[in-house]
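Student: I'm new to this one. Could you walk me through it, question by question?

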Amino acid sequence: MILEVAILHIKNGLTPTFETAFKEASAIISIMKGYINHELQKCIEDDHKYILLVRWEHLEDHTIGFRGSPEYREWKKLLHHFYDPFPTVEHYTVI
């Protein structure tokens, strides 16, 4: 299993709209090959900051399968305009 981690900084005033769009985007990612589960958590100290955690069976399920799919283009259209700056995405594995 691989854990994808992204810190999301949302532009001022857009958090309610982002959260609504994320609910729609959740339906997209959850049907992808290799997807296990995901969660979005909001920062207590900064209400424009979120952490996205996505569990995948294999790294390539995210980096090639999802990112190379038509579904990812829809994900981008729904979410990417909310970010400032654009998030760094990292992948982790259990040791």
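This is a predicted model: local features need pLDDT of at least 70, side-chain atom pairs count only at pLDDT 80 or more; totals for chains, interfaces and linings use all residues.

Tutor: Residues are numbered from 1 along each chain as its sequence is written, and side-chain values use heavy atoms, with hydrogens and water left out.

Student: Which side chain meets Glu 19 in a salt bridge?

Tutor: A salt bridge here needs a side-chain nitrogen of Lys or Arg within 4 Å of a carboxyl oxygen of Asp or Glu. The N to O distance in this pair is 3.3 Å. The two residues sit 23 residues apart, with Glu 19 in helix α1 and its partner in strand β2; helices (H or I, at least four residues) and strands (E, at least two) are DSSP runs, numbered from the N terminus. The partner is Lys 42.

Student: How many residues apart in sequence are the parts tied together by Arg 55 and Glu 39?

Tutor: Their side chains meet in a salt bridge at 3.6 Å, N to O. Arg 55 belongs to strand β3 and Glu 39 to strand β2, so the parts this pair ties together are apart in sequence by 16 residues.

Student: And how many residues are in the hairpin that joins β2 to β3?

Tutor: Strands pair if DSSP finds at least two bridges between them. Strand β2 (residues 35–42) runs antiparallel to β3, and seven bridges join them. As for the hairpin connecting β2 to β3, the count is six residues.

Student: Is Lys 77 buried or exposed?

Tutor: Lys 77 forms a salt bridge with Glu 74, with the closest N and O atoms 3.8 Å apart. Both lie in helix α3, three residues apart, about one turn of the helix. Glu 74 is partly exposed at 30% relative accessibility. Lys 77 has 60% relative accessibility, so the word for Lys 77 is exposed.

Student: Within what arc do the buried residues of α2 fall?

Tutor: Helix α2 (residues 59–66) has Asp 61, His 62 and Phe 66 as its buried residues. They line one face of the helix, because, seen down the axis of α2, they fall within an arc (taken from the directions from the helix axis to the C-beta atoms) of 95°.

Terms used: Buried means under 20% relative accessible area, exposed over 50%, partly exposed in between (1.4 Å probe, protein chains only).
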